Amino acid sequence: FIQSDGLRIHYLDWAQPGDEDKQPLLLLHGIGRTAHNYDHLVPHFQPHYRVIAADLRGHGDSEWDAGGAYLVEDYVKDIEALIFELGLINMVLMGQSTGGRVVQVIAGKQPELVAAAIVEDVGPERHKEVAERRARRMDDEENGWASQDELLAAIKPRYPRTPESLLRHFVVHGSKQREDGRHVWKTDRNVTKGFIATEIWQYVREIQAPILYVLGGESRIVPPETREELKATLPQVEIVTMPGLGHYPGDEKPEAFLAVVDGFLG
């Protein structure tokens, strides 16, 4: 744990003795998820990197913000505190969805610390319909579920391409039992206060490191016009679309996703 902005922020560090000198790989999860959502990818990277994953504020085992401060800049503040606490330099940043937005901001704000950036199915913009969809989902889920099995059954139709074993892992690490016995996600309902229509182009324009956007072919989060603007803005950008996949390609086809990432990292 570290302290940031008065909050206790949780992170996972897979470093083994002697790994301190390896290049850091910092992993940042999506909205409503946790650092453990990367557990299935970590063994692939461990031989070459010091792998770290953080719980964003209001998620997992990190503290919730009493004032509902959950804009991307609020998440960035905590991750910057983690970076400086651990003395991370020459980093590879990887983020999915909201974590990918944090990656883009940090890569633009702290270019001297970032060697490469990987962004999973998110761009510099969040449109109103995406924000409204997330708010409706959290309203629907507020009452929770009777058991982890019931929770798993509820999310399986939403992620038809993700293996059930992986979804179960997400449920085990990403949910908790309330005092009333109901099982709920380990996410502050107020994260929707920061999940609003917005854009972060002012940070993206400052990115200097090589950056890869991995998009799901069935996802509409990053429309064609945004992809063209990214190409015009960042001459070093790579954009790879994985056909037939949705918002989390790294969950749906991990081996294919890792092949794309390995090709980018060289």
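These notes go through the sheet, some helices and some salt bridges of a predicted model.

1. Seven strands make up an open sheet of mixed pairing, ordered 3-5-4-6-7-12-13. Strand 3 (11–13) and strand 13 (237–242) are at the edges; each has a single partner strand, so one side of each has no neighbour in the sheet. On average, neighbouring strands of this sheet are turned by 15° against each other, direction ignored.

2. Strand 4. Of the six residues in strand 4 (residues 23–28), five are buried. Strand 4 pairs with strand 5 in the parallel sense, over six bridges, and P24 stands opposite R50 in strand 5. Strand 4 also runs parallel to strand 6, joined to it by four bridges. Here L26 has L93 of strand 6 as its bridge partner.

3. Strands 6 and 7. Six bridges pair strand 6 (residues 91–96) with strand 7 (residues 114–120), again in the parallel sense. G95 stands opposite V119 in strand 7.

4. Helices on the sheet. Helix 8 (residues 224–233) packs on the sheet and touches strand 12 (211–216) and strand 13; its direction makes about 155° with that of strand 13. Helix 10 (residues 254–265) lies across strand 5 (49–54), strand 6, strand 7, strand 12 and strand 13. The angle between helix 10 and strand 7 is about 155°.

5. Helix 2. After helix 2 comes G87, with a positive phi near 65°.

6. Salt bridges around R57. The structure has 17 salt bridges. R57 forms one with D65 (3.5 Å, N to O) and another with D78, where the closest N and O atoms are 2.6 Å apart. The R57–D78 pair links distant parts of the chain: R57 is in the loop between strand 5 and helix 2, D78 is in helix 2, and they are 21 residues apart. With under 20% as the cut-off for buried, R57 counts as buried because its relative accessibility is 0%. D78 at 1% is buried, and so is D65 at 13%.

7. The side chains of K231 and E228 meet in a salt bridge (3.6 Å, N to O). Both residues lie in helix 8, three residues apart, or about one turn of the helix. In an α-helix there are 3.6 residues a turn, so residues three or four places apart point the same way. K231, at 46% relative accessible area, is partly exposed, as is E228 at 48%.

How values were computed. Residues are numbered from 1 along each chain as its sequence is written. This is a predicted model: local features need pLDDT of at least 70, side-chain atom pairs count only at pLDDT 80 or more; totals for chains, interfaces and linings use all residues. Side-chain values use heavy atoms; hydrogens and water are left out. Two strands pair if DSSP finds at least two bridges between them. Helices (H or I, at least four residues) and strands (E, at least two) are DSSP runs, numbered from the N terminus. Axes are lines fitted to C-alpha atoms, for helices over the stretch in contact, and angles run from 0 to 180 degrees between N-to-C directions. Contact means heavy atoms within 4.5 Å. Buried means under 20% relative accessible area, exposed over 50%, partly exposed in between (1.4 Å probe, protein chains only). A salt bridge is a side-chain nitrogen of Lys or Arg within 4 Å of a carboxyl oxygen of Asp or Glu.
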